[in-house]
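My notes follow, friend to friend.

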Amino acid sequence: MLKIHLIVGARPNFMKMAPLYKEFQKYPAEFKVKLIHTGQHYDERMSKLFFDDLQLPKPDEYLEVGSGSHGVQTARIMERYENVLLKHKPDLVFVAGDVNSTIACALDAVKLHIPVAHLEAGLRSHARTMPEEINRILTDAISDYLLTPSPDADQNLLREGVDPKKIHFVGNIMIDSLSYYQPMAEHSDILDRLGLEKKQYGLITLHRPSNVDHLEGLTIILKAFESISKKIPLIFPIHPRTTKQIETFKLNSLLEKIHNLILIPPAGYYQFLNLQMNAKFILTDSGGIQEESTWLGVPCLTLRPQTERPVTITEGTNKLVKLETEEIVRETESILNGNIKRGKIPEYWDGKTASRIVSIFR
Ligand code: UD1
């Protein structure tokens, strides 16, 4: 019997761990799984809604770390999770992605000589100013099982001198959730409630510090929204970090002036999938949405200078856009004029990643 911890902390972790949790449950004689939530994200709309939609049980341990600077948040997670490890003594810890909870829990585990498996290993933006890039590099360096979503990730790890025996190309686990829950998401009534028509709106998400933590960047983006919304309604589920920054920079009045921009609180998983699949285009700086839009075949413009998910550009529907008002407007107009990038679904983004992973450990 292998005792396993699955770590979740921030919103993008939940849809990556849910399929794995369910797959391990199929073999109760072989695996005993505990779900650990660090509490990095704690608002109902950033966490509980996802547990409900993804049909996840209440976490076995909830560490309630909350928000804080990188140093404070990471240290608080490490302090609290170490106690949990000492209490449960698991044989294996799974971490996902690139958030502070990922590196903090991985570091705790390896120092207690507990092997770590990293879901979504090997992705690199090569931008060390992004906190996520540091979290990725460090988590990969100390993990024992590097579970990669795409062949570029394998190449990155090999280039860094990782032993090939540690690398397992398993595919994109987030697509397991997306493909499984898509039929449920189709029943969401969010479009009716917002008065939107299919393929007649653009969907926006924005939360990267590089876009929202500076007045100049945020102003550039809001001005682009103002211009685009004259042609097509925009729907903007707004991340708590972005709400806070808009208030700090007193940009509320600029935002409120944009008549065709519908602001809503962070959406649940089904609601957001429904908004994604029916959007004319998506404008985002998220990592996961670049991948989900590729799988859904919806054009995606990513407001970042680089991406750790290059396969979404080479094979999918994604395109990077510079942080310039004119550029953002030009790219969206191009889509409205029918220049739509048709992509294909990358290898192993097939809804079977969790089962490939569990086979490794069986
Ligand atoms: C974190 C991840 C980022 C991921 C994002 C997804 C790190 C370093 N960053 O960024 O990679 O893309 O999650 O959402 O781990 N807040 C709330 N309620 C919450 C959570 C946060 O109000 O439930 C507010 C707080 O003011 C907090 C701020 O959002 O200070 C930022 O939260 P934090 O977890 O530090 O980073 P994110 O920007 O959410």
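**Overall size.** I began with the radius of gyration, which is taken over C-alpha atoms. For 362 residues a compact globule would have a value near 21 Å, and the chain has 20 Å, so the two agree. The globule rule I used is 2.2 Å times the number of residues to the power 0.38. Along the principal axes, the C-alpha atoms fill a box of roughly 60 × 40 × 40 Å.

**Ground rules.** I kept in mind that this is a predicted model, where local features need pLDDT of at least 70 and side-chain atom pairs count only at pLDDT 80 or more, while totals for chains, interfaces and linings use all residues. Residues are numbered from 1 along each chain as its sequence is written, and side-chain values use heavy atoms, with hydrogens and water left out.

**Whole chain.** I found 17 helices and 13 strands; these are DSSP runs numbered from the N terminus (helices H or I, at least four residues; strands E, at least two). Buried residues make up 57% of the 362, where buried means under 20% relative accessible area with a 1.4 Å probe, counting protein chains only. I then checked contacts, meaning heavy atoms within 4.5 Å. Of those between residues at least 6 apart in sequence, 71% join residues at least 24 apart.

**Charges.** I noted 44 positive and 45 negative side chains, and the centres of the two sets lie 0 Å apart. Lys and Arg count as positive, Asp and Glu as negative, and His and the chain ends are left out. Each charge is placed at NZ of Lys, CZ of Arg, CG of Asp or CD of Glu.

**Strand S4.** Next I looked at residues 92-96: five of the five are buried, so S4 is largely enclosed by the rest of the structure. Leu92, Phe94 and Ala96 point one way, and Val93 and Val95 point the other way.

Which strands pair with S4? Pairing here takes at least two bridges found by DSSP. Strand S1 (residues 2-8) pairs with S4 in the parallel sense over three bridges, with His5 opposite Val93. Strand S5 (residues 116-119) also runs parallel to S4, joined by four bridges, and there Val95 stands opposite His118.

**Thr302.** My last stop was Thr302, which sits in strand S12 (residues 300-302). Is Thr302 buried or exposed? Its relative accessibility is 0%, so Thr302 counts as buried. Leaving aside residues up to four places away in sequence, I listed what Thr302 touches: Thr284, Gln290, Asn318, Lys319, Leu320 and Val321.

Key:
Buried means under 20% relative accessible area, exposed over 50%, partly exposed in between (1.4 Å probe, protein chains only).
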